[in-house]
Amino acid sequence: MNHYFTDSRNTEHDFVPRDAKARLKRYKYPAFYDPYGPRSPPSHKSIQLAERIAALSLEERRQIGPALQYKLKLPKLQPISTEGMDLGLQGAPAVGATKVEEQKEKTTFNVKLEKFDGAAKIKVITEVRAFTNLGLKEAKDLVNVPVVFKQGVTKEEANDIIEKIKAAGGVAVME
């Protein structure tokens, strides 16, 4: 006989029915969720400080951060690179900056596989494996068009990859 059915622990009930005569418990939920739990109200000194800060001009409020950073000896914050991130309108460069970017020549490119023949899928997968150093399963999962499979390559290297993909029966483009 199967051991699982003879074990007494499997025959015990997980659910215990509640008493029909018992009243339901009412819980009082807070108006909003505070992950830090209940806090004491701010001190009178903190409220006065907040009012004084609010009364300052915009330029004076901008100076508070660096002054506190210096006074408390906090480390200087390092700027975070937003290269490659889509920031929408926030990251839109100024009008003068676009002219400088147009003059700067692009040095790194991405290679994107756009399409391939169904019969040539195996050849395309082997070429993608050769360029990306991926295993067979990873390369097979990667070859779902359109997909960028090689990033940050030089123009010559990108053209070489495109030619080899084209010879295998696929269509790749440089971005």
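This talk walks through one predicted protein model, from the overall layout down to single residues.

First, the ground rules. The model is predicted, so local features need pLDDT of at least 70 and side-chain atom pairs count only at pLDDT 80 or more, while totals for chains, interfaces and linings use all residues. Residues are numbered from 1 along each chain as its sequence is written, and side-chain values use heavy atoms, with hydrogens and water left out.

Now the layout. The protein chain has seven helices and three strands. Helices here are DSSP runs of H or I with at least four residues, strands are runs of E with at least two, and both are numbered from the N terminus. Starting at the N terminus, the order reads α-α-α-α-β-α-α-β-α-β.

How much of the protein chain is buried? Of its 175 residues, 13% count as buried. Buried means under 20% relative accessible area, exposed means over 50%, and partly exposed is in between, with a 1.4 Å probe and protein chains only. The protein chain exposes about 16100 Å², and carbon and sulfur atoms supply 56% of that. Those areas come from the Shrake-Rupley method with a 1.4 Å probe; for residues, only the protein chains shown count as cover.

A word on contacts, meaning heavy atoms within 4.5 Å. Take contacts between residues at least 6 apart in sequence: 66% of them join residues at least 24 apart.

Next, the sheet. Three strands form an open sheet, in the order S2-S1-S3, with antiparallel pairing. Strand S2 (147-153) and strand S3 (170-174) stand at the edges with a single partner strand each, so one side of each has no neighbour in the sheet. On average, neighbouring strands are turned by 25° against each other, direction ignored. Two strands pair if DSSP finds at least two bridges between them. Strand S1, residues 109-116, pairs with S2 over four bridges. In that pairing, Phe109 stands opposite Val153 in S2.

Which helices lie on this sheet? Helix H5, residues 121-132, lies across S1, S2 and S3 and runs at about 30° to S2. Helix H7, residues 155-168, packs on the sheet too, touching S1, S2 and S3. The direction of H7 makes about 165° with that of S3. For these angles, axes are lines fitted to C-alpha atoms, for helices over the stretch in contact, and values run from 0 to 180 degrees between N-to-C directions.

Stay with H5 for a moment. Thr132 is in this helix. Thr132 is buried, at 19% relative accessible area. The Thr132 side chain reaches the backbone oxygen of Val128 at 2.7 Å. That is a polar contact: a pair of N or O atoms within 3.5 Å, where within protein one must be able to donate a hydrogen and the other to accept it, and residues adjacent in sequence count only if both atoms are side-chain atoms.

On to charges. How many salt bridges does the whole structure hold? The search finds four. A salt bridge is a side-chain nitrogen of Lys or Arg within 4 Å of a carboxyl oxygen of Asp or Glu. Here are some of them.

Glu175 bridges to Lys112, with the closest N and O atoms 3.6 Å apart. Glu175 sits in the segment after S3 and Lys112 in strand S1, so the pair ties together parts 63 residues apart in sequence. Glu175 is partly exposed, at 36%.

Glu59 bridges to Arg62 at 3.8 Å between the closest N and O atoms. Both lie in helix H3, three residues apart, about one turn of the helix. Glu59 is partly exposed at 46%, while Arg62 is exposed at 55%.

Lys137 bridges to Asp141, with the closest N and O atoms 3.2 Å apart. Both lie in helix H6 (residues 136-142), four residues apart. Lys137 is exposed at 58%; Asp141 is partly exposed at 46%.

Last stop: the end of H3 and what follows. Gln69 lies in helix H3, residues 58-71. Gln69 is partly exposed, at 24% relative accessibility. Beyond its neighbours within four places in sequence, Gln69 contacts Leu74, Pro75, Lys76 and Leu77. A polar atom of the Gln69 side chain lies 3.1 Å from the backbone oxygen of Pro75.

Lys73 lies in the loop between H3 and helix H4 (95-103). Its phi is near 55°, a positive value in a residue other than glycine. Most residues other than glycine have a negative phi. Lys73 is exposed, at 72% relative accessibility.
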